[in-house]
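Colleague: I have a new model to go through. Can you walk me around it?

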Amino acid sequence: MIIVMNNGANEEQIDGVVKKIKEFGLEANISRGTERTVIGAIGDERKLDQELIDALPGVEQSMHIVKPYKIVAREWHKQDSIVDIMGIKLGGNQVQIIAGPCSVETQPQMDAAAQYVHEAGCRLMRGGAFKPRTSPYAFQGHGEEGLTMFRKAAERYNLPMVTELMDARQLETFMKHDVDVIQIGTRSMQNFDLLKEVGRINKPVILKRGMSATISEWLMAAEYIAAGGNHNIIFCERGIRTFETYYRNVLDVTAIPVLKKETHLPVIVDPSHAGGKAWMVPALSRAAIAAGADGLLVEMHPTPCEAWCDADQALTPQELKDLMGTLGMIANAIGRTL
Ligand code: PEP
Ligand code: MN
């Protein structure tokens, strides 16, 4: 960390900073310029509490030199990490499309959805059994019964199941049903206790971006999972809140190359919750793959107009099939496969 003293800082204040740095177990290197003094804190700067340093008399500002996240940072792990999901590789050359309904509704709905996901050429399936809804009166998901329906439908086509975990108390149930990929939703991105719990298991985790989270907060959330020992993390950009009201969220395409630079872990995009309308999904999907996303998480329903949740953004089975055709061409154009 570099600490810049203000130009009136006296020796006592400089000594105070040096003392504090040493208290944290680091060494201090003082550089006296003509206008101001700069102090370098040498050692593992993650041990330093920046707020405490900033609060010391005479300090103008302090700056981290190394990233506050470590395990997830590309700085420490240069090559791309691949997350293996039942032999399906996410983060490698092949782009993976995860498709399925917003929520698990009925067995026939899930059976039909699984067939369409498979026929479209997607290798993984999504569907929520525990649903985070804005209204407590809206359908909350079938819970454990939903996991049973999901597994029954998905196993016919060998599709790994991707489903949201909202509460650490449900983790045992998820393990009992051998859920293949745990999704942490936008509303839970900074539920640190939940992140710690999924950090203790070795299941792949899709970590959605909090709707108002910065890139740095998102990376730190992933670091919580990684710090527990689970490095099978997939980032999912799903749109952020801005001043715009025309669409549900703004898909932050910029986050894709930025994340690819900052982390070695796979990055996917959810175009459905970003746009919030089915007609926007193809364009956002093409943009995401072209920008370097390793995959997509897309909502598709056998009959969208009958969906119990997010009906307006679900693709029809035919739309999913058409989208897959186009995405294949885009993937090939950038040297990848679908
Ligand atoms: C979902 O994928 O069904 C969902 C609720 O997404 P998000 O957490 O991004 O809103
Ligand atoms: Mn949804």
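This is a predicted model: local features need pLDDT of at least 70, side-chain atom pairs count only at pLDDT 80 or more; totals for chains, interfaces and linings use all residues.

Colleague: In what order do the eight strands close into a barrel?

Modeller: The order is β7-β8-β9-β10-β11-β12-β13-β14, with parallel pairing. Strands here are DSSP runs of E, at least two residues, and helices are runs of H or I, at least four, numbered from the N terminus. Two strands pair if DSSP finds at least two bridges between them.

Colleague: And how many bridges join β10 and β11?

Modeller: Three, between residues 181-184 of β10 and residues 205-208 of β11. Ile 184 has Leu 207 in β11 as its bridge partner.

Colleague: Different topic. Which residues coordinate the manganese ion?

Modeller: Cys 102 (SG), His 273 (NE2), Glu 299 (OE) and Asp 310 (OD) hold ligand 2 at 2.0 to 2.4 Å. Donors are N, O and S atoms within 2.8 Å of the metal (3.2 Å for Na, K and Ca); water is not among the atoms, so sites may look incomplete.

Colleague: Where do His 273 and Glu 299 lie?

Modeller: His 273 is in helix α9 (residues 271-275) and Glu 299 in strand β14 (residues 295-299), so the pair ties together parts 26 residues apart in sequence.

Colleague: Is His 273 buried or exposed?

Modeller: Buried, with a relative accessible area of 8%. Glu 299 is also buried, at 1%. Buried means under 20% relative accessible area, exposed over 50%, and partly exposed in between (1.4 Å probe, protein chains only).

Colleague: What about ligand 1, which residues come nearest?

Modeller: Of the 13 residues around ligand 1, those are Arg 126, Lys 131, Thr 186, Lys 208 and Arg 238. Around means a heavy atom within 4 Å. A polar side-chain atom of Arg 126 is 2.8 Å from an oxygen atom of ligand 1. For Gln 183, a polar side-chain atom lies 2.9 Å from a ligand 1 oxygen.

Colleague: Last one: what does Gln 107 touch?

Modeller: Leaving out residues up to four places away in sequence, Gln 107 touches Met 149, Lys 152 and Ala 153. Touching means heavy atoms within 4.5 Å. Gln 107 is in helix α3 (residues 107-120) and is buried, at 18%.

Note on methods
Residues are numbered from 1 along each chain as its sequence is written. Chains are lettered from A and ligands numbered from 1 in the order in which they are written. Side-chain values use heavy atoms; hydrogens and water are left out. A polar contact is a pair of N or O atoms within 3.5 Å; within protein, one must be able to donate a hydrogen and the other to accept it, and residues adjacent in sequence count only if both atoms are side-chain atoms.
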